[in-house]
Amino acid sequence: MKRLKSIDAAILALIFAFASISFAQSNSDSTKSQHKMMHDKNHKMHEMMKDSAMHTETMDMHKMRGSDHHMTKKSPLIREGIIDLEAIDENKDGKVFQDQMDWNVISDNPGFCPICEMKLKETTLDQAKKKLLEHGYKVKQ
């Protein structure tokens, strides 16, 4: 009888352990999914703002007050005109660091965007070129 109770207790412990692992895994997946959804939503809102009349009016107001951070900040990381990714890739490793909101902010070294202060993300030259072209920038061929 005692042996049967200890077997029952072991089975219950195993069921509890598997249930806990399963719950932790689903909770982790749910958190990752929520984070991705929030990131996607923020990115879409940023893109909508760039294209909207509200964004244009806001930018005009900033310019009148002289506080447009895109225009007043000067940095060699903010690329203008035709962007030469191969020249930016000084160490010739085929990778650069690019901001994920201000796509024309590119460096060959890790750092932060001088416009939005986000950490620059390492990316291949092909990925950087694709993002620049998708967002209306010109890239040297």
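Modeller: Q98 is buried, at 1% relative accessibility; buried means under 20% relative accessible area, exposed over 50%, and partly exposed in between, with a 1.4 Å probe and protein chains only. Q98 sits in strand β2, residues 95-98. Helices (H or I, at least four residues) and strands (E, at least two) are DSSP runs, numbered from the N terminus.

Keep in mind that this is a predicted model: local features need pLDDT of at least 70, side-chain atom pairs count only at pLDDT 80 or more, and totals for chains, interfaces and linings use all residues. Residues are numbered from 1 along each chain as its sequence is written, and side-chain values use heavy atoms, with hydrogens and water left out.

Now the surroundings of Q98. Neighbours within four places in sequence are set aside here. Q98 is then in contact with W103, V105, I106, L120, K121, T123, A128, K131 and L132. Contact means heavy atoms within 4.5 Å.

Follow K131 from that list. K131 is partly exposed, at 30% relative accessibility. K131 forms a salt bridge with E134, and their closest N and O atoms are 3.7 Å apart. A salt bridge is a side-chain nitrogen of Lys or Arg within 4 Å of a carboxyl oxygen of Asp or Glu. K131 and E134 are 3 residues apart in helix α5, so about one helical turn separates them. Salt bridges with shared partners join K130, K131 and E134 into one network.

K130 brings in the other link. The side chains of K130 and E134 meet in a salt bridge, 4.0 Å from N to O. Both residues lie in helix α5 (residues 125-134), 4 residues apart, about one turn of the helix. K130 counts as exposed, at 52% relative accessibility. E134 counts as partly exposed, at 46%.

What is the general rule? Side chains of opposite charge can pair when their charged atoms come close.

The structure holds 3 salt bridges. One of them is D84 with K140, with the closest N and O atoms 3.6 Å apart. D84 lies in the loop between β1 (82-83) and α4 (85-88), and K140 in the segment after β5 (138-139), so this pair ties together parts 56 residues apart in sequence. D84 is partly exposed, with a relative accessible area of 26%.
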